Amino acid sequence: MLLYMSNIRQENPSTPLHSVSVAGVVVREDGRVLAIKRADNGAWEPPGGVLELAEAPEDGVRREVYEETGIKVQVDRLTGVYKNTSRGIVALVFRCRAEGGHEQLSDEAVAVEWLSPGEVTSRMAEVYAVRVTDALLDGAPRVRAHDGRRLARGA
């Protein structure tokens, strides 16, 4: 795969490369959502990270949520696709249910909490809060673009 991508870049150097990340919006029966306070920047976000090359998206979500929070999850459905246009990151966000484990800190999370939807919108930056609020809605997955801080118009 890497050789193939390298060949594409040599044939057409303007072909953009993207990173793919996954995140899990883990919802409890009481409607609270699992969130982490990131160790690197202090921001509140749903748990997630970079999808590994040979990994299925659902497996990546389960791995990332567990590594960052100690919570084992069942992945329910894809709820959104979000592109950071300034960094070339495409994030796949899945709604999940907790099925075991217990909250614990990690190298990536200095705090792990279950937040109400109101706390999500007050603590998280807009581009992360919208991922959570989208995951709480029924219907088709949302597709949105942002610049790392703000949603693009019409998103």
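A nonpolar core here is a set of buried Ala, Val, Leu, Ile, Met, Phe, Trp, Tyr and Cys residues joined through side-chain atoms within 4.5 Å. Keep that in mind for the tour below, which runs through a predicted model.

**Stop 1: the main core.** Select Val 25, Val 33, Trp 44, Leu 115, Val 120, Met 124 and Val 132. These have the most contacts inside the largest nonpolar core, which has 17 residues. Now colour by element. E1, E2, E6, E7 and H4 each supply at least two residues of this core. H4 gives the most, with four residues.

Centre on Val 132. Which residues does Val 132 touch, leaving aside those up to four places away in sequence? Show Val 25, Val 33, Pro 46, Val 120 and Met 124.

Stop 2: Switch to cartoon. Five strands form an open sheet in the order E4-E1-E6-E5-E8, and the pairing is mixed. Look at the two edges. E4 and E8 (142-146) each have a single partner strand, so one side of each is left without a neighbour in the sheet. From one strand to the next, the twist averages 30°.

Zoom in on E5 and E8. Do they run parallel or antiparallel to each other? The pairing is parallel, over five bridges.

**Stop 3: along H2.** Select residues 57-69. This helix has 13 residues. From first C-alpha to last, H2 reaches 18 Å, close to the 18 Å expected at 1.5 Å a residue.

Which residues of H2 are buried? Show Gly 60, Val 61, Arg 63, Glu 64, Val 65, Glu 68 and Thr 69. The cover over these buried residues includes E1 (19-26), E2 (33-38), E4 (48-50), E5 (71-84), E6 (89-101) and E7 (109-115).

Just after H2, select Gly 70 and check its backbone: phi is positive, about 80°.

Notes: Residues are numbered from 1 along each chain as its sequence is written. This is a predicted model: local features need pLDDT of at least 70, side-chain atom pairs count only at pLDDT 80 or more; totals for chains, interfaces and linings use all residues. Side-chain values use heavy atoms; hydrogens and water are left out. The expected span of a helix is 1.5 Å times one less than its number of residues. Buried means under 20% relative accessible area, exposed over 50%, partly exposed in between (1.4 Å probe, protein chains only). Contact means heavy atoms within 4.5 Å. Two strands pair if DSSP finds at least two bridges between them. Axes are lines fitted to C-alpha atoms, for helices over the stretch in contact, and angles run from 0 to 180 degrees between N-to-C directions.
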